[in-house]
Amino acid sequence: MILDAHTHIWPDAVAKRALAGSVPDLKPCGDGTASGLKQSMDAAGVDRSICLAVANHGAAVDKANKFTGSLDPQSFIGFGSVHPELSAEENLESLRRHHVKGVKIHPFFQNYPLDDPRMTAVFDALQGEFPVIIHVGSISTASSAGVCSPNMLADLTKRFPKLDIIACHFGGYRQIEDAFESVIGLPVYLDTSWPPSLAELDPKVVREAIYKHGVDRIVFASDWPMADQKREIQAIVDLGLAADEQEQILGKNLGRLLGITS
């Protein structure tokens with residue numbers, strides 16, 4: 001079983017426009033649609049992919065949750081969105097009503113810092129019910145300082161110890177040294193996405209991060225359509241891990257977190 005913890009799709013009518021406004025220094029390798037992702041999954045041998053909703057303001061939250069919550073559960077796992085412009089009650093009600101399985105937080109695209117005080121009640125409400133996948137690190141040329149730095153993620157884990165967190169990009173996109181200092185080793189899951197490819201990182205550094213953090217808390221992630229799923233699976237295989245370790249990362253760890261057995 002191969003599960004991808006980190007993909008993005010949009011309704012067909014807006015996918016092209018959404019991709020055009022995404023990270024400027026990354027070239028998409030897919031079209032951002034559900035059918036495009038399914039084709040990628042079939043080619044790569046991915047069984048199911050988490051599809052992440054990102055609402056850039058409060059009024060878009062329910063629409064985003066409705067979309068990801070309506071995706072075919074045989075192939076896709078819908079993760080919804082929350083926003084500090086809404087109350088904790090409003091955010092949670094939308095997540096529950098649309099039956100999403102978790103939440104994506106992307107402070108850069110949602111225009112609030114990870115330590116925004118308005119999010120305190122939201123994070124508290126999510127504890128024990130919805131796992132949360134969080135972008136950590138820089139994006140394009142923008143610094144993560146004061147937005148979603150590895151240090152800010154570390155502080156969040158202390159404030160909300162019962163929150164199931166998946167830290168994107170090994171806990172610090174384009175800041176792997178800072179991730180080693182602040183995030184790797186914390187009681188969170190780390191996803192392996194590193195667009196345009198994990199293969200751009202030194203495999204010795206990746207193996208060190210995996211073993212320091214614990215193989216049982218690493219989850220495979222591509223960040224499709226900003227990276228190719230088949231190539232990212234091969235990047236995991238090329239690390240030369242033991243077969244059981246590879247299986248844990250490619251699917252078993254995420255399956256355990258989300259209660260997926262097949």
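How are helix 10 and helix 11 oriented to each other, roughly parallel or roughly antiparallel? Helix 10 and helix 11 are roughly antiparallel (angles over 145 degrees; under 35 is roughly parallel, 65 to 115 roughly perpendicular, the rest oblique).

## Basis of the model

This is a predicted model, in which local features need pLDDT of at least 70, side-chain atom pairs count only at pLDDT 80 or more, and totals for chains, interfaces and linings use all residues. Residues are numbered from 1 along each chain as its sequence is written, and side-chain values use heavy atoms, with hydrogens and water left out.

Helices (H or I, at least four residues) and strands (E, at least two) are DSSP runs, numbered from the N terminus.

## Helix 10 and its partners

Two packed helices are described by the angle between their axes and the distance between the axes. Axes here are lines fitted to C-alpha atoms, for helices over the stretch in contact, and angles run from 0 to 180 degrees between N-to-C directions. Helix 10 covers residues 229-237 and helix 11 covers residues 243-258. They pack at about 150°, and their axes are 10 Å apart. Ile233, Ile236 and Val237 of helix 10 meet Gln246, Ile249 and Leu250 of helix 11; contact means heavy atoms within 4.5 Å. The residues of this contact are five nonpolar, one polar and no charged. Ala, Val, Leu, Ile, Met, Phe, Trp, Tyr, Cys and Pro count as nonpolar, Asp, Glu, Lys and Arg as charged, and the others, Gly among them, as polar.

Helix 10 also packs with helix 2 (residues 34-44). Their axes come within 8 Å and cross at roughly 35°. Helix 2 brings Leu37, Ser40, Met41, Ala43 and Ala44 to this contact, and helix 10 brings Gln229, Lys230 and Ile233. Here the residues divide into five nonpolar, two polar and one charged.

## Aromatic pairs

Rings of Phe, Tyr and Trp (its six-membered ring) pair if their centres lie within 6.5 Å; planes under 30 degrees apart count as stacked, over 60 as edge-to-face and the rest as tilted. The count by this rule is two aromatic pairs. The rings of phenylalanine 123 and phenylalanine 160 have centres 5.6 Å apart and planes at 45°, so this pair is tilted. Phenylalanine 123 sits in helix 6 (residues 120-126), and phenylalanine 160 in the loop between helix 7 (150-159) and strand 6 (165-167). The pair links distant parts of the chain, 37 residues apart. Both phenylalanine 123 and phenylalanine 160 are buried (under 20% relative accessible area; exposed is over 50%, partly exposed in between, with a 1.4 Å probe and protein chains only).

The other pair is tyrosine 173 with tryptophan 194. Their ring centres are 5.3 Å apart and their planes stand at 70°, so the pair is edge-to-face. Tyrosine 173 lies in the loop between strand 6 and helix 8 (176-182). Tryptophan 194 lies in the loop between strand 7 (189-191) and helix 9 (203-213). Tyrosine 173 and tryptophan 194 are buried.

## Buried residues

In helix 7, the buried residues are Pro150, Met152, Leu153, Ala154, Leu156 and Thr157. The buried residues of helix 7 pack against helix 6, strand 5 (132-134), strand 6 and helix 8.

Serine 49 belongs to strand 2 (residues 48-52). Serine 49 is buried, at 0% relative accessible area. Beyond neighbours within four places in sequence, serine 49 touches Asp4, Thr7, Leu37, Met41, Ser75, Phe76, Ile77 and Gln229. Threonine 33 is in the loop between helix 1 (12-20) and helix 2. Its relative accessible area is 8%, so threonine 33 is buried. Outside four places in sequence, threonine 33 contacts Ile9, Trp10, Asp12, Ala15 and Trp224.

## Backbone details

The peptide bond from proline 195 to proline 196 is cis, with omega near 5°. Proline 196 is in the loop between strand 7 and helix 9. The bond from tryptophan 224 to proline 225 is also cis, with omega near 10°. Proline 225 falls in the loop between strand 8 (218-219) and helix 10.

Aspartate 223 lies in the loop between strand 8 and helix 10. Its phi is positive, about 70°, although aspartate 223 is not a glycine. Aspartate 223 counts as buried at 8% relative accessibility. Histidine 99 has a positive phi near 60° and lies in the loop between helix 4 (88-97) and strand 4 (102-105). Histidine 99 counts as exposed, at 60% relative accessibility.
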